[in-house]
Amino acid sequence: MEQTKEKIYSHEFDIFCLLLIFSFFALCFPSKTHAAQAYSTSNSVESERQSQALSQDVWRLKIYEAAIVRGDKVLLGEIAEPLGTISPEKWQELAKKELWDSPPQLGKAYKISKANLKNALQSALGMYADSCLLPNSLVLQKGGDIVREDTLRQMVVQYLTPQMNKLAGRSELTDFRLPPYIFVSSRSQELVLEKAIVEPGRIALRFAIQEIDGKVLQRFTGTAFLNVWVDTPAAGKPLAKGDTLYQQDIVYKKVNLAYERADLWDGKGGPWQVIRPLGANEAISTTDLKPLSAIKKGEKITLVYDKGGIHLSVLVEAMEDGALGDTILVRNLDSKKQIYGKVQDQNTVLAK
């Protein structure tokens with residue numbers, strides 16, 4: 001009986017010892033599940049802390065499509081600019097962030113695709129990469145300089161303005177179509193705008209990178225649209241072909257020469273005859289008019305011959321209409337001989 005009790009006691013003691021050992025290991029070495037939960041909780045707290053830090057300011061980082069880098073490492077401040085309400089201290093801190101190695105060769109451009117750029121920014125910036133607005137690609141050049149589109153536009157306006165001021169009316173440049181950027185490789189090179197023809201409508205532009213000796217290394221094209229608003233004569237009422245254009249038939253309207261024919265009439269000279277129908281308020285061009293005939297076909301006029309000291313005058317018949325200065329065919333009423341003469345006035349032609 002006593003031996004049985006001793007066996008039971010011994011068995012219970014063994015179980016107790018095993019429970020103690022198991023509890024010790026459980027305390028010292030937590031399970032993978034509990035460890036993962038603890039790590040997840042820790043990461044969640046850290047992520048929440050960083051998110052709260054980001055949410056204090058509302059901002060994004062705009063990554064340029066082209067940039068110049070100076071050192072051995074590409075810095076965030078060299079390829080990006082902040083948008084929104086980021087604090088100066090935060091941007092100063094981020095701008096110094098090293099991203100990756102600079103291009104190996106000075107003055108040579110290297111292109112990074114959008115996918116590679118995204119991966120590189122995620123590796124370098126972590127959660128801040130989500131705040132970046134990415135271009136389709138990024139082109140980097142080590143050293144040299146970059147001239148961006150806004151500066152190119154200023155060059156165009158500065159170059160064209162003196163010539164625009166010489167044009168009649170009010171001039172306005174619009175619809176610039178320029179390269180988004182131009183790289184200059186070294187300080188010995190200069191970007192210039194070559195001579196352009198300034199006239200209403202689209203103006204062709206050429207930018208050139210020149211060496212110090214004037215040699216052109218590379219050219220880039222662009223355009224700008226020039227509007228020129230002027231007051232021009234127009235028909236005050238409908239006019240038929242052959243009508244005489246009187247001063248009271250003229251009104252003035254403001255037109256954009258960029259969209260009008262280049263031969264608009266200036267309102268001077270005359271008298272004029274309309275050679276095609278004109279609608280009311282239609283701008284008048286020089287090709288719509290011809291001088292009003294001083295002499296009509298069939299009229300009896302005087303032909304004057306004045307050469308070599310000989311002065312003669314005979315009565316002739318005009319065989320065609322003629323304005324002042326025109327040369328027309330006339331016929332001698334006596335001999336029926338035809339001859340050409342220059343119209344001097346409404347009654348006289350000078351023998352050729």
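1. Let's start with Gln189, which sits in the loop connecting β11 and β12. Keep in mind as you look around that this is a predicted model. Is Gln189 buried or exposed? Its relative accessibility is 16%, so Gln189 counts as buried, the cut-off for that being under 20%.

2. Now see what surrounds that glutamine. A polar atom of the Gln189 side chain lies 3.2 Å from the backbone nitrogen of Ser185. Leaving aside residues up to four places away in sequence, Gln189 touches Val184, Ile209, Gln210, Glu211 and Leu217.

3. Next, the largest nonpolar core, which has 26 residues. Within this core, Val156, Leu191, Leu205 and Phe207 touch the most other members. At least two core residues come from each of α6 (149-164), β10 (170-177), β11 (181-184), β12 (190-193), β13 (201-210) and β14 (216-235). The largest share belongs to β14, with five residues.

4. Finally, a look at the surface. Which residues form a nonpolar patch there? They are Tyr305, Ile310 and Leu312, and together they have about 280 Å² of accessible area. To find Leu312, go to strand β20, residues 310-318.

Terms used:
Residues are numbered from 1 along each chain as its sequence is written. This is a predicted model: local features need pLDDT of at least 70, side-chain atom pairs count only at pLDDT 80 or more; totals for chains, interfaces and linings use all residues. Side-chain values use heavy atoms; hydrogens and water are left out. A nonpolar core is a set of buried Ala, Val, Leu, Ile, Met, Phe, Trp, Tyr and Cys residues joined through side-chain atoms within 4.5 Å. Buried means under 20% relative accessible area, exposed over 50%, partly exposed in between (1.4 Å probe, protein chains only). Helices (H or I, at least four residues) and strands (E, at least two) are DSSP runs, numbered from the N terminus. Patches are made of residues with over 30% relative accessible area and no salt bridge: like charges are joined within 9 Å, nonpolar side chains (Val, Leu, Ile, Met, Phe, Trp, Tyr) within 5 Å. Accessible areas come from the Shrake-Rupley method with a 1.4 Å probe; for residues, only the protein chains shown count as cover. A salt bridge is a side-chain nitrogen of Lys or Arg within 4 Å of a carboxyl oxygen of Asp or Glu. A polar contact is a pair of N or O atoms within 3.5 Å; within protein, one must be able to donate a hydrogen and the other to accept it, and residues adjacent in sequence count only if both atoms are side-chain atoms. Contact means heavy atoms within 4.5 Å.
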